[in-house]
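Me: I'd like to learn how to read a model like this one, feature by feature. Can we go through it together?

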Amino acid sequence: MIIDSHIHIGKEELLSPDIVAFFKQKNAWEDIREKISPEGVISALDRSGVDKGVIFPLTFMPTNGNWQAMNDMTADYVALYPQRFIGFAIVNPKQVAESVKELERCRTQLGFKGVKLHPSMQEFFSNSESMFPVYQYCQDHHMPILFHTGASLPSHSDKFSHPILLDDVAAKFPDLKMVIAHMGRPYYQDAALIMRKHVNIYADVCANQGRVGGTTLLEMALTWLKIYADGVKRLLFASDYPVFDPKRGLDDLDFIRKNRCLPNSNDPIISDEEYLAITEKNCTKILLDI
Ligand SMILES: [Zn+2]
C-alpha cells in the first residue's frame, strides 16, 4: 500500500490571502483550487497509483481567527473518502493551551493521526519551549509531527524552520516521532546530522526538484542522508501536492533506484528494500507507532 505523506488541501475562504494572492499572480489559482478539492486530490492519487494520502491545509492561519475551522475542513475531506485520506491536525502556536485542547478533539473526535506544523508560516521557532505542551501531547498519544523545514515562500522567514532546531526537540522528546519535510531543503547536511543523532527523526522526500530539472538535487540530498546517517531507511514518500504530482515523485524515486549509485561505488543510492520502506512501510510504521 503506497501512502503519500504530504498533501495539501483547502478552500479559498480558509486560506491565508497572501498565499492565494501568490498563486493568483502566477495565474495558477484556478488550477490549484480545483486540484486541492476532495475530488482533485483523489484523482491525483488515482492517476499516480497511490492508495492513501496524509492531508492538511495549504496554509495554517485563517484570517478570521477561527483556526479550528481548518481541522473541520480536513475532517470533511476524510469523511468523504475515509479509505483514502488520513487527517493531520493543525494547531495555533500563539494559543498553546487551546491547541492542546484542539488536539484532543482532533484525535478523539475527528480521528486524526498526526500534526502538521509550519514554523515559517506560523512564525514560531520549532524548538520554542512554549510549544512543549503540544510536543508532550503528541509524544504521549503517539501522534507524529510533520515539521516544515528549510526554504519557504518569499513572504515567510526561514529562520523559524531550520532543521537543526529540531535537535533540541528530539533531545527533550525522544519518543516523539518527528518528520522533517523536504529533508530540510537545502540544509541536507543538517538533516543528516539530526537523523544520525536521533532515531525518532524521519524525513519526507518531497519538493526537491531544484531549478535544473531531472533528479540531481534529490540524488544529492539522498546521498547525504545515506552516507552520513543511513537515513534513507527513515524516509517517507511525499509529493507536496498540489506543488508536485505524486506520480512525478514516485517516478523520480524509481529512476534513482534503478539508475543511480553512490559516488565511487556500485551501491545504489536507494536499494530495492529501501524503496519499499520509503514508499510503503515507513509511513504505516509511524502512523501506527510500531
Ligand atoms: Zn507542503
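Reply: Let's start with a pair: R257 forms a salt bridge with D272, with 3.1 Å between the closest N and O atoms. This pair links distant parts of the chain, as R257 is in helix α11 and D272 in helix α12 (residues 272-288), 15 residues apart. One caution: this is a predicted model, where local features need pLDDT of at least 70 and side-chain atom pairs count only at pLDDT 80 or more, while totals for chains, interfaces and linings use all residues. Residues are numbered from 1 along each chain as its sequence is written, and side-chain values use heavy atoms, with hydrogens and water left out.

Me: What counts as a salt bridge, and how many salt bridges does the count come to?

Reply: The rule is a side-chain nitrogen of Lys or Arg within 4 Å of a carboxyl oxygen of Asp or Glu. By that rule, the count comes to 20 salt bridges.

Me: Where does the D46 pair sit in the chain?

Reply: D46 forms a salt bridge with R84, and their closest N and O atoms are 2.9 Å apart. The pair links distant parts of the chain: D46 is in helix α3 (residues 38-48), R84 in the loop between α4 (68-80) and β3 (85-89), 38 residues apart. D46 is partly exposed, with 48% relative accessibility. Salt bridges can also join into a network, as they do for E12, K24, E30 and R33.

Me: Now the metal. Which residues are the protein donors of the zinc ion?

Reply: Donors are N, O and S atoms within 2.8 Å of the metal (3.2 Å for Na, K and Ca); water is not among the atoms, so sites may look incomplete. Here the protein donors are H6 (NE2), H8 (NE2) and D240 (OD), lying 2.1 Å from the zinc ion. Along the chain their spacing reads H-x1-H-x231-D. H6 is buried, with 1% relative accessible area, and H8 is buried too, with 5%.

Me: What order do the strands of the open sheet have?

Reply: Two strands pair if DSSP finds at least two bridges between them. The open sheet has 8 strands in the order β1-β2-β3-β4-β5-β6-β7-β8, with parallel pairing. Its edge strands, β1 (3-9) and β8 (235-236), each pair on one side only. Strand β7 (residues 201-204) pairs with β8 in the parallel sense over 2 bridges, and A203 stands opposite L235 in β8.

Methods:
Buried < 20%, exposed > 50% of the residue type's maximum accessible area, 1.4 Å probe, protein only. Helix = DSSP H or I, 4+ residues; strand = E, 2+ residues; numbered from the N terminus.
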